[in-house]
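Here is a short report on side-chain packing and pairing. Please keep the sequence and the structure in view while reading.

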Amino acid sequence: MRRLVLFSGILLAAACASAEPRPGAPAQASSSEATSALRDQAKSILGVVPATMESPTYNPATPEKVELGKMLYFEPRLSLSQAVSCNSCHNLAAGGTDNLPRSLGHGALQGGRNSPTVYNAGLHVAQFWDGRAITLEDQAAGPITNPVEMAMPADDRAHARLMAVLKSMPEYRARFETVYGKAGDPINMRNITYAIAAFERTLGTPGRFDRWLEGDDSALTELETQGLQTFMEVGCTACHNGPAVGGQMFQKLGVVKPWPNQDDAGRFAVTGDEPDRMVFKVMGLRNIELTAPYFHDSSTWSLDEAVRMMGSHQLGQELSQEQVMQISAFLRALTGNRPKIELPLLPPSTPETPTPVLPAAAAAATGKAQ
């Protein structure tokens with residue numbers, strides 16, 4: 001397991017220093033030399049995002065497992081109301097999120113944080129803003145039994161209602177047996193979450209920036225390459241590094257200047273360690289153009305403002321309008337090619353399938369004029 005590293009403001013300053021010209025370097029280099037040097041630096045800090053993020057030893061993928069996982073990802077009957085699926089909050093037709101300040105779950109209850117994107121999540125060191133799940137497999141179980149999200153009972157024996165839903169449909173029984181074998185009881189929470197995660201690991205989004213990293217100078221505009229240079233020079237890559245351009249570590253939100261919203265203690269709620277107060281997973285910036293509003297608390301809908309806030313609170317820099325424009329242009333260049341997902345055909349319910357349980361408010365309103 002990769003170590004979860006907490007970086008300090010000292011490393012932010014070090015990153016800025018590392019971007020300074022080397023002593024003795026020519027005062028001016030040719031455009032091609034400068035581009036080559038920028039590319040080499042970016043490849044060493046960031047890197048190309050893969051189209052898939054397989055876990056061959058932990059959760060080996062097969063086409064049958066991925067297809068089952070896709071069905072479960074879009075399956076609203078995994079929720080108590082049979083109206084909420086994984087895709088409800090992590091919409092693959094959009095940016096892998098729901099573009100709401102806080103997601104709406106069972107009975108339109110609101111979650112506590114902004115929904116992060118599922119695209120490229122397999123590259124992250126942990127899942128959720130506070131990192132309480134290490135793997136995608138661990139994460140997939142959380143929303144199903146969360147009372148504010150999908151609300152399936154978590155206190156019944158072996159998730160009896162959830163298993164009854166899936167076992168009631170012959171097609172699901174056959175698919176679980178194909179993927180996991182007939183021995184024992186293949187329909188269980190572990191196998192459900194492993195199938196969902198196997199599908200999610202196919203959701204990589206390589207794009208123009210990756211083509212540029214691989215040598216295609218025409219893939220980025222001059223403004224976008226200037227933005228990449230500025231992004232590295234001001235110190236953003238001290239935290240936003242790796243192929244996902246983030247997601248590799250935890251960091252205090254408000255390294256230099258306290259974050260305006262102190263209501264959410266972040267990772268402190270998981271560890272109970274005071275140094276983890278206001279510490280969150282560094283968000284990956286791939287497809288950031290598509291995932292507003294930004295930050296765990298949806299502080300802003302503006303990408304430019306998000307850049308300014310990071311400069312001020314994390315780096316102690318009041319970025320100029322030109323710097324903000326350049327960095328935002330680079331961040332928009334991180335919008336990748338989302339895989340084309342053919343919607344799965346879900347099996348029909350049977351007389352044995354448990355019926356939806358509506359939230360109390362919705363049930364009380366049944367039959368009233370619309």
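The sections below cover the cores, the aromatic rings, the salt bridges and the cysteines of this predicted model.

## Nonpolar cores

The largest nonpolar core has 37 residues. Phe209, Trp212, Leu228, Phe231, Phe330 and Leu331 have the most contacts inside it. Five helices each supply at least two residues of this core: α2 (31–45), α9 (208–213), α10 (222–233), α12 (303–315) and α13 (321–332). The largest share, five residues, comes from α12.

Phe231 shows what such a position touches. Leaving aside neighbours within four places in sequence, Phe231 is in contact with Cys236, Thr237, His240, Val245, Leu285, Ile327, Phe330 and Leu331. A second, separate core has 32 residues. Val66, Tyr172, Ala195 and Phe199 are among them.

## Aromatic rings

The whole structure holds eight aromatic pairs. One of them is Trp259 with Phe295, an edge-to-face pair. Their centres are 4.9 Å apart, with 70 degrees between the planes. This pair links distant parts of the chain, 36 residues apart. Trp259 sits in the loop between β1 (250–252) and α11 (268–271). Phe295 sits in the loop between β2 (279–281) and α12. Trp259 counts as buried because its relative accessibility is 2%. Phe295 is buried too, with a relative accessible area of 14%.

Ring pairs also join Phe209, Trp212, Phe231 and Phe330 into a cluster. These four residues are also named among those with the most contacts inside the largest core. Two arginines lie over ring faces. Arg39 lies over the face of Trp212, 4.7 Å from the ring centre. Arg277 lies over the face of Phe268, 3.9 Å from the ring centre.

## Salt bridges

Side chains of opposite charge can pair when their charged atoms come close. There are 14 salt bridges in the whole structure. In one of them, Asp217 meets Arg39 at 2.4 Å, N to O. Asp217 lies in the loop between α9 and α10, and Arg39 in helix α2, so this pair ties together parts 178 residues apart in sequence. Arg39 is buried, with a relative accessible area of 11%. Asp217 is partly exposed, at 45% relative accessibility.

The closest N and O atoms are 3.5 Å apart. Lys70 is buried, at 11% relative accessibility, whereas Glu67 is partly exposed, at 29%.

Asp185 and Lys167 meet at 2.6 Å, N to O. Asp185 lies in the loop between α7 (170–180) and α8 (189–200), and Lys167 in helix α6 (residues 160–167), so the pair ties together parts 18 residues apart in sequence. Both ends are partly exposed: Asp185 at 40% and Lys167 at 31%. Elsewhere, salt bridges that share partners join Arg113, Asp130, Arg132 and Asp264 into one network.

## Cysteines

How many disulfides does the model contain? The count is zero, with a cut-off of 2.5 Å between sulfur atoms. For Cys89, the nearest cysteine sulfur is that of Cys86, 8.9 Å away. Because that cut-off is 2.5 Å, Cys89 is in no disulfide. Cys89 is buried, at 9% relative accessibility.

Cys239 is in no disulfide either. Its nearest cysteine sulfur belongs to Cys236, 9.1 Å away. Cys239 is buried, at 8% relative accessibility.

Notes. Residues are numbered from 1 along each chain as its sequence is written. This is a predicted model: local features need pLDDT of at least 70, side-chain atom pairs count only at pLDDT 80 or more; totals for chains, interfaces and linings use all residues. Side-chain values use heavy atoms; hydrogens and water are left out. Buried means under 20% relative accessible area, exposed over 50%, partly exposed in between (1.4 Å probe, protein chains only). A nonpolar core is a set of buried Ala, Val, Leu, Ile, Met, Phe, Trp, Tyr and Cys residues joined through side-chain atoms within 4.5 Å. Helices (H or I, at least four residues) and strands (E, at least two) are DSSP runs, numbered from the N terminus. Contact means heavy atoms within 4.5 Å. Rings of Phe, Tyr and Trp (its six-membered ring) pair if their centres lie within 6.5 Å; planes under 30 degrees apart count as stacked, over 60 as edge-to-face and the rest as tilted. A charge sits over a ring if NZ of Lys or CZ of Arg is within 6 Å of the ring centre and within 35 degrees of the ring normal. A salt bridge is a side-chain nitrogen of Lys or Arg within 4 Å of a carboxyl oxygen of Asp or Glu.
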